[in-house]
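Hello,

Here is the structure I promised to pass on to you. Please have a look at it first, and then read my notes below.

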Amino acid sequence: MNGAHDLGGMHGFGPVDPEPDEPVFHHDWERRVFALNLASGFLGQWNIDMSRYAREQMPAAEYLATTYYEHWLFGLEHLLVKKGLVKPEEIEARVAELRRQRVGRPAAGS
Amino acid sequence: MSHDHDHHHDHDHDPDHPGEHGAPLSGPALRVKALESLLVEKGLVDPVALDQLIDRYETKVGPRNGARVVARAWTDPAFKRRLLDDTSSAMAEFGYTGRQGENMVVVENTPTIHNMVVCTLCSCYPWPVLGLPPVWYKSAPYRSRAVIDPRGVLREFGVELRDDVEVRVWDSTAELRYLVLPLRPAGTQGMSEEQLAEIVTRDSMIGTGVVNGLSAR
């Protein structure tokens with residue numbers, strides 16, 4: 001099956017840009033979404049092929065414009081919703097709630 | 001799609017590190033936080049397990065494992081034969097088994113064959129021996145070009161192969177994950193297995209590097 005993820009042989013993506021002394025994760029949220037993916041996998045509701053397929057459901061233009069762990073986040077949400085473990089509106093409500101909490105907090109210190 | 005991504009493509013650490021010092025969370029950081037709190041609340045994931053998984057893959061599993069395997073193969077012909085014949089069993093002698101390494105295959109470089117590994121569809125990689133893949137391995141430029149312009153890609157890694165060296169590119173899958181057995185550099189006859197493991201680089205085991213005895217650190 002082709003799609004934006006099926007990159008082998010495509011032109012136009014420019015040179016490879018290796019990062020010297022690259023850290024394993026670049027942001028704390030990458031650590032968390034990595035672990036959430038693995039831990040959710042332990043629930044036994046899907047396998048690795050389903051995980052990748054879920055990431056490939058991201059709209060093509062968005063897939064190419066986002067980072068690797070954003071694909072993982074999308075795929076995890078997709079699977080959790082599909083399996084009925086989390087409802088989309090629960091996610092949106094929690095996002096909104098956390099955003100309000102953060103905005104309400106002092107900008108420094110904590 | 002309702003993700004409100006902040007499209008950070010730079011590799012620098014975010015100065016406004018999400019979630020710290022009361023800085024407002026945004027984009028993926030906010031969504032991940034929301035998802036984690038929901039999953040923990042529902043009892044679907046254990047926060048302790050999350051921290052253990054992060055620690056394991058950030059600090060314990062990495063290319064030093066693969067380097068030990070390579071050094072053993074360079075110094076122990078019987079082990080090398082086992083490694084090439086039945087990679088996963090030979091890796092298990094080191095205890096390097098498990099997630100994303102269930103079926104590993106070692107491909108051997110020779111003076112006339114250079115092997116290079118990619119995952120064009122995503123990011124398959126032998127975690128037990130290399131840890132998690134670097135960003136470039138998962139990036140569109142590498143995934144797209146490794147299979148049509150491997151020599152050009154190798155040049156971007158500073159590797160220039162002679163014209164008579166055949167390049168073999170292996171496209172990984174979830175079922176088959178490849179590790180390159182690099183050529184042992186000349187002038188290393190006197191080195192111990194431990195010393196040899198020190199000079200084996202991650203990239204040499206992906207095939208985007210070679211082990212250079214002279215520049216050994």
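**What I found**

Buried residues account for 42% of the 217 residues in chain B, where buried means that 20 or more other C-beta atoms lie within 10 Å of the residue's own, exposed means 12 or fewer, and partly exposed is in between, with C-beta atoms placed from the backbone. Before going further, please note that this is a predicted model: local features need pLDDT of at least 70, side-chain atom pairs count only at pLDDT 80 or more, and totals for chains, interfaces and linings use all residues. Residues are numbered from 1 along each chain as its sequence is written, while chains are lettered from A and ligands numbered from 1 in the order in which they are written.

Chain B first. Chain B holds 11 helices and 4 strands; helices (H or I, at least four residues) and strands (E, at least two) are DSSP runs, numbered from the N terminus. Chain B is divided into domain 1 (28-59) and domain 2 (62-206), with bounds that come from an automatic or database domain assignment. The centres of domain 1 and domain 2 of chain B, taken over C-alpha atoms, are 31 Å apart. For contacts in chain B between residues at least 6 apart in sequence, 67% join residues at least 24 apart; two residues are in contact if their C-beta atoms, placed from the backbone, lie within 7 Å.

Now chain A. Chain A has 5 helices and 0 strands, and from the N terminus on its elements run α-α-α-α-α. The radius of gyration of chain A is 17 Å, well over the 13 Å that the globule rule gives for 110 residues, so chain A is more spread out than a compact globule. That radius is taken over C-alpha atoms, and the rule is 2.2 Å times the number of residues to the power 0.38. Along the principal axes, the C-alpha atoms of chain A fill a box of roughly 50 × 35 × 25 Å. In chain A, 32% of the 110 residues count as buried.

Helix 4 of chain A is worth a visit. With 15 residues, helix 4 of chain A reaches 21 Å from its first C-alpha to its last, close to the 21 Å expected at 1.5 Å a residue (the expected span is 1.5 Å times one less than the number of residues). Of those 15 residues, 11 are buried, so helix 4 of chain A is largely enclosed by the rest of the structure. The buried residues of helix 4 include Trp72(A), Phe74(A) and Leu76(A). Their cover includes helix 1, helix 2, helix 3 and helix 5 of chain A, together with helix 1 (27-41) of chain B. Just after helix 4 of chain A, Gly84(A) takes a positive phi of about 75°.

Next, the core. In the largest nonpolar core, which has 73 residues, Val33(A), Leu36(A), Leu76(A), Val70(B) and Val200(B) touch the most other members; such a core is a set of buried Ala, Val, Leu, Ile, Met, Phe, Trp, Tyr and Cys residues joined through C-beta atoms within 7 Å. Both domain 1 (28-59) and domain 2 (62-206) of chain B give residues to this core, so it lies between them. Leaving aside neighbours within four places in sequence, Leu36(A) is in contact with Leu76(A), Leu35(B), Glu36(B), Leu39(B), Val45(B) and Leu50(B). Leu35(B) lies in helix 1 of chain B and counts as buried, with 25 C-beta neighbours inside 10 Å.

Asp21(A) lies in the segment before helix 1 of chain A and is exposed, with 4 other C-beta atoms within 10 Å.

Best wishes
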